[in-house]
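Trainee: Hi! Could you walk me through the annotated site in this model?
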Amino acid sequence: MLIAGVDEVGRGPLVGDVVTAAVILDPANPIEGLTDSKKLSAKRREALAVEIREKALAWCVARASAAEIDSINIFQATMLAMSRAVEGLSLVPSEALIDGNKVPKLAMPARAIVKGDALEPAIGAASILAKVARDAEMVELHQRYPHYGFDKHKGYPTAEHLAKLAEYGPIDEHRRSFKPVRLALGIES
């Protein structure tokens, strides 16, 4: 029985894609230390991501863009990105385990597991791949727009990010449907 773990990263940030991953682990080739990506250091996450990509039976990282988030809302965009991740797997799982309390529309049975990234190794693996991918995208965005500090806050609405947003205004990658971005655009007061 092939079980896919699915998780997302980036629902709360004001900028960039919501990134998801789906992973089917190989029971014959275990990986030590899989858990919620937020509980791991960046260095440990990156080392585990390499190991996951090498040892998993299948994995896929997918996303929904800031424009898609603005068009259909963050929840629907997250569900869409999760569906894309599962559909992008090279093997078809018999079941998908989704971190959280909602399940996207999938071609196979799926179960939501609250705090699943800490409870199910396959979801933890998906959490790690998604976080490493999104963090790399934020570092790349930082290289293009260093004055925003995306390498530090990763697009989350920290005091620093909100101050930079007020000072410089939004970039194309900012999510226009999020209130702090609308405020910076003068759309909402």
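Mentor: Happy to; we'll start with the background and then go residue by residue.
Mentor: This is a predicted model, where local features need pLDDT of at least 70, side-chain atom pairs count only at pLDDT 80 or more, and totals for chains, interfaces and linings use all residues. Residues are numbered from 1 along each chain as its sequence is written, and side-chain values use heavy atoms, with hydrogens and water left out.
Trainee: Which residues does the UniProt "binding site" annotation cover?
Mentor: According to the unreviewed UniProt entry, Asp7, Glu8 and Asp99. UniProt positions are in the numbering used here, feature names are shortened, and annotations may be inferred rather than shown by experiment. The three span 93 residues in sequence, yet no two of their C-alpha atoms are more than 7.9 Å apart, so they gather at one spot.
Trainee: OK, Asp7 next. Buried or exposed?
Mentor: Asp7 is buried, at 2% relative accessibility (buried is under 20% relative accessible area, exposed over 50%, partly exposed in between, with a 1.4 Å probe and protein chains only).
Trainee: And what does Asp7 contact?
Mentor: Leaving aside neighbours within four places in sequence, its contacts (heavy atoms within 4.5 Å) include Thr20, Met82, Asp99 and Asp117.
Trainee: What about Asp99, buried or exposed?
Mentor: Asp99 is buried too, at 16% relative accessibility. With neighbours within four places in sequence set aside, Asp99 is in contact with residues including Asp7, Met82, Lys115 and Asp117.
Trainee: Which backbone nitrogen does the Asp99 side chain reach?
Mentor: That of Gly116, at 2.8 Å.

Technical notes:
Polar contact = N/O pair within 3.5 Å; in protein donor to acceptor, adjacent residues only side chain to side chain.
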